[in-house]
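Dear colleague,

I am handing over the structure below, and my notes on it follow. Please read them with the model open beside you.

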Amino acid sequence: MQTFRTAVPTDAQRCFEIEAAAYSASEAATLEKITKRIAGHPQGFVVLEVQGKVIGFINSGCAHEVDMSDDDFKALIGHDPDAPNVVILSVVVDPAHHGNGHSRTLMREFVRRMIALNKQTIHLMCKDHYVPLYEKFGYRYSKLSTSSYGGVQWHEMVMPLAG
């Protein structure tokens, strides 16, 4: 059985373990950043549990003006919970649970929650091979990002929620 809920401080360690397993060391958020994201924007940090164990999460911040190349934003510098635009910082499912449709259900739940919060857009960055996946989720390709976070070339995607 899967359930979704808002992250709480005690989830930080497990979320960090999943992040570290899914991303390279240069791309993964630190335990400190994950802890700060849970504390700073819990309504934008959704965890997925299967049989009572956290197996994935999406975390985000909100901005009035989206600048995907702003590395400070990954530490929620400039985050405003009342801003209309959501910026996803991590979408991750424990690699041991890949291939079961969890990323799709997690994304659907996240989008549902952002609509309920009256957000206007959701933005994210992804690697080249994930562009088709996010297009299937309803995102539109925006542009090649100027960010080189973690030494990787990123692509910017956007999903309009309003109007």
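Is Ala39 buried or exposed? Ala39 is exposed, with a relative accessible area of 64%, where buried means under 20% relative accessible area, exposed over 50% and partly exposed in between, using a 1.4 Å probe and protein chains only. Please note that this is a predicted model, in which local features need pLDDT of at least 70 and side-chain atom pairs count only at pLDDT 80 or more, while totals for chains, interfaces and linings use all residues. Residues are numbered from 1 along each chain as its sequence is written, and side-chain values use heavy atoms, with hydrogens and water left out.

Ala39 belongs to helix α2 (residues 31–40); helices (H or I, at least four residues) and strands (E, at least two) are DSSP runs, numbered from the N terminus.

Turning to strand β7 (residues 155–160), 5 of its 6 residues are buried, so the strand is largely enclosed by the rest of the structure. Strand β5 (residues 121–126) runs antiparallel to β7 and is joined to it by 6 bridges, and strand β6 (residues 140–144), also antiparallel to β7, is joined to it by 4 bridges; two strands pair if DSSP finds at least two bridges between them. Val158 in β7 stands opposite His123 and is also the bridge partner of Arg140.

His155, which lies in β7, is buried, with a relative accessible area of 9%. The side chain of His155 makes a polar contact with that of Tyr141 at 2.8 Å, a polar contact being a pair of N or O atoms within 3.5 Å, of which, within protein, one must be able to donate a hydrogen and the other to accept it, and residues adjacent in sequence count only if both atoms are side-chain atoms.

With best wishes
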